[in-house]
Amino acid sequence: MRKRVRQLLNAAWPTLLGGFAGAATVTLALSFPMVRQLLKTLDLWHVFLLLPIGFLTILIHELGHLAGGMLRGTRFLLLVVGPFQWTARAAGGVRFGWNFNPSIMGGLAAATPARDRPLQPQLMGLVVGGPLASLLLGVGTVMIASQFENHVWVLLLLTGLMSLRGFLVTAIPCRSGGMQSDG
């Protein structure tokens, strides 16, 4: 019985932490006049664009992991974003496939460390690259959004806010579903 309760608590606390982080992010975001204006401007078609925007922000985050690792010497092994999966082939090149594993639909990047280089800098580049890419995309698109009006402003601001949310969520150290966060 105690083991089952412990398992439930271990599964529940990342969800609660994520919910708290989401609520804190929304509360913080609503303190900015630009975000309040965004909520007044949203149309139904903007809501339909949340899925592709979310996909884009996850893709940039995962590519950031790979770029950070590759700058330190790792070799590409795997990239998963939603239902899409790219895998390195033994003979060179990349093979596209489909991902049916729901536990990694939120994104996964993997790389092989180079044996002739120190391991720690390679892993640091790989781990830090994703949150850094999310932070740069978020700050950059929010700053650029202020230069536009109407639909372009809304799309850039949504992209920036979703990317910043991704940065905050992945920067918090935790384990969920057997996976360690970037934090």
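**View 1. Phe55 is partly exposed, at 28% relative accessible area.** Here, buried stands for under 20% relative accessible area, exposed for over 50% and partly exposed for in between, using a 1.4 Å probe and protein chains only. Welcome to a predicted model, in which local features need pLDDT of at least 70 and side-chain atom pairs count only at pLDDT 80 or more, while totals for chains, interfaces and linings use all residues. Residues are numbered from 1 along each chain as its sequence is written, and side-chain values use heavy atoms, leaving out hydrogens and water.

**View 2. Aromatic rings meet around Phe84.** Rings of Phe, Tyr and Trp (for Trp, its six-membered ring) pair if their centres lie within 6.5 Å; planes under 30 degrees apart count as stacked, over 60 as edge-to-face and the rest as tilted. The count by this rule is six aromatic pairs. One of them joins Phe55 and Phe84: the ring centres are 5.5 Å apart and the planes stand at 85°, so this pair is edge-to-face. Because Phe55 belongs to helix 4 (residues 50-71) and Phe84 to strand 2, the pair ties together parts 29 residues apart in sequence. Helices (H or I, at least four residues) and strands (E, at least two) are DSSP runs, numbered from the N terminus. Phe84 has 25% relative accessibility and counts as partly exposed. Phe84 also pairs with Trp98 in a tilted arrangement, with 5.4 Å from centre to centre and 45° between the planes. This second pair links distant parts of the chain, since Phe84 is in strand 2 and Trp98 is in strand 3 (residues 94-98), 14 residues apart. Trp98 is exposed, with a relative accessible area of 52%. One aromatic cluster is made up of Phe55, Phe84, Trp86, Phe96 and Trp98.

**View 3. Strand 1 (residues 75-81) pairs with strand 2 and with strand 4.** Five of the seven residues in strand 1 are buried, so the strand is largely enclosed by the rest of the structure. Two strands count as paired if DSSP finds at least two bridges between them. Strand 1 runs antiparallel to strand 4 (residues 108-112), and five bridges join the two. With strand 2 (residues 84-88), the pairing is again antiparallel, over four bridges. Follow Val80 to see both sides: its bridge partner in strand 4 is Leu108, and in strand 2 it stands opposite Gln85. Strands 1 and 2 form a hairpin with two residues between them, and Gly82 in the turn has a positive phi of about 60°.

View 4. The side chains of Gln85 and Thr87 make theirs at 3.4 Å. Thr87 is buried, with a relative accessible area of 18%. Contact means heavy atoms within 4.5 Å. Setting aside residues up to four places away in sequence, Gln85 touches residues including Leu78, Val80, Arg95 and Trp98. With neighbours within four places likewise left out, Thr87 has contacts with Phe76, Leu77, Leu78, Gly93, Val94 and Arg95.

**View 5. Helix 4 packs against helix 5 (residues 119-145).** Their axes are 6 Å apart, at an angle of about 145°. Axes are lines fitted to C-alpha atoms, for helices over the stretch in contact, and angles run from 0 to 180 degrees between N-to-C directions. The crossing of helix 4 and helix 5 is right-handed; a crossing is left-handed if the near helix is turned anticlockwise from the far one by less than a right angle, and right-handed if clockwise. Among the residues that meet here are Thr57, Ile60 and His61 in helix 4, and Gln122, Ser134 and Leu137 in helix 5.

**View 6. Ser163 sits in helix 6 (residues 150-171).** At 1% relative accessibility, Ser163 is counted as buried. Apart from neighbours within four places in sequence, Ser163 contacts Thr57, Ser134, Leu137 and Gly138. The C-alpha atoms of Ser163 and Val81 are separated by 15 Å, and the two residues are 82 apart along the chain.

Note on methods: Polar contact = N/O pair within 3.5 Å; in protein donor to acceptor, adjacent residues only side chain to side chain.
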